[in-house]
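Trainee: I would like to go through this model with you. May I start with the pockets and then move on to the strands and the core?

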Amino acid sequence: MTEWQWCSFAELSPHELYDVLAQRQHVFVLEQQCLYNDFDGLDLAAHHLLGWRVVDGRRCLAAYLRCLAPGAKYTEMSLGRVLTTKAARGAGIGRALLAQGIEHAERQHPGHPIKIGAQHYLEAFYASFGFVTISAPYEEDAIVHVDMLRPATIL
């Protein structure tokens, strides 16, 4: 079972922030062997979604993403730093994470599309959530990406 937690940067406890940054480094820098500056200044204004699981009696971060308001990164709102930890992969938590992220983003900023810079190999995954590819493949931080857009949902 996954416990979902939405919070602002200021609401993250020091331990939660440590877990988020440690997992982002582990997944994006170590696993993907990608040297990049994770501290891009966008976390302070983001809403953060943390997915927690209890493993051997210990609460562990299993999934994470951040939601940015329109204008913070793109003209559209954005989801980013989407990750599922290695230990949690293969159980559908990534799908649950993205569904939660989209729902929250649309509630926070109704009537706005969502733009993402997706790793190219995940293009079909994001397309299954209604994202449409809007750019040719491009390299960012030595990984091939595509820009994708999910049209605004009319409520």
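Trainee: Which elements each supply at least two residues of the lining of the second largest pocket?

Mentor: Please bear in mind that this is a predicted model. For the second largest pocket, helix 1, strand 2 (47-55) and strand 3 each supply at least two lining residues.

Trainee: Which element gives the most to that lining?

Mentor: Helix 1 does, with five residues. The second largest pocket is lined by 15 residues in total, and nearest its centre lie Gln23, Cys60, Leu61, Thr85 and Ala87.

Trainee: What is the volume of the second largest pocket, and how do its lining residues divide by class?

Mentor: Its volume is about 260 Å³. The lining divides into seven nonpolar, three polar and five charged residues.

Trainee: And how much space lies in the largest pocket?

Mentor: The largest pocket holds about 910 Å³ of space. It is lined by 41 residues, and the closest to its centre are Phe28, Val82, Gln119, Leu122 and Tyr126. Several elements give two or more residues to this lining, including helix 1 (14-31), helix 2 (93-108), helix 3 (123-127) and strand 4 (77-84).

Trainee: Changing topic to the strands: in what sense do strand 1 and strand 2 pair?

Mentor: Strand 1 (residues 3-8) pairs with strand 2 in the antiparallel sense, over six bridges. Within this pairing, Ser8 stands opposite His47 in strand 2.

Trainee: How many bridges are there between strand 2 and strand 3?

Mentor: There are nine bridges between them, again in the antiparallel sense. Gly51, for instance, has Ala63 in strand 3 as its bridge partner. The two strands form a hairpin with two residues between them, and Asp56 in the turn has a positive phi of about 50 degrees.

Trainee: What about the other hairpin, with strand 7 and strand 8: which residue in its turn has a positive phi?

Mentor: That residue is Asp141, with a phi of about 55 degrees, and this hairpin also has two residues between its strands. Three bridges join strand 7 to strand 8 in an antiparallel arrangement, and His145 in strand 8 is the bridge partner of Tyr138.

Trainee: Where else does strand 8 pair?

Mentor: Strand 8 is joined to strand 5 by six bridges, and the two run antiparallel. Here Gly117 stands opposite Asp147 in strand 8. Strand 6 (residues 132-133) is also antiparallel to strand 8, with two bridges, and Val132 stands opposite Leu149.

Trainee: Is strand 8 mostly covered or mostly open?

Mentor: Strand 8 is mostly covered, as six of its eight residues are buried.

Trainee: Which residues have the most contacts inside the largest nonpolar core?

Mentor: They are Leu79, Ile102, Ile114, Ile116, Tyr126, Phe131 and Met148, within a core of 21 residues. Strand 3, strand 4, helix 2, strand 5 and strand 8 each supply at least two of the core residues. Helix 2 gives the most, with five.

Trainee: Which residues of helix 2 are buried?

Mentor: The buried residues of helix 2 include Leu97, Leu98, Ile102 and Ala105, and His104 and Glu106 are also among them. Helix 2 has 16 residues and reaches 22 Å from its first C-alpha to its last, close to the 22 Å expected at 1.5 Å a residue.

Technical notes
Residues are numbered from 1 along each chain as its sequence is written. This is a predicted model: local features need pLDDT of at least 70, side-chain atom pairs count only at pLDDT 80 or more; totals for chains, interfaces and linings use all residues. Side-chain values use heavy atoms; hydrogens and water are left out. On a 1 Å grid over the protein atoms alone, a cavity is a set of points where a 1.4 Å probe fits but cannot get out, and a pocket is an open set with protein on both sides within 12 Å along at least five of seven lines; lining residues have an atom within 4 Å of a point. Grid points are joined across faces, edges and corners, and a volume is the space filled by probe spheres set on the points. Helices (H or I, at least four residues) and strands (E, at least two) are DSSP runs, numbered from the N terminus. Ala, Val, Leu, Ile, Met, Phe, Trp, Tyr, Cys and Pro count as nonpolar, Asp, Glu, Lys and Arg as charged, and the others, Gly among them, as polar. Two strands pair if DSSP finds at least two bridges between them. The expected span of a helix is 1.5 Å times one less than its number of residues. Buried means under 20% relative accessible area, exposed over 50%, partly exposed in between (1.4 Å probe, protein chains only). A nonpolar core is a set of buried Ala, Val, Leu, Ile, Met, Phe, Trp, Tyr and Cys residues joined through side-chain atoms within 4.5 Å.
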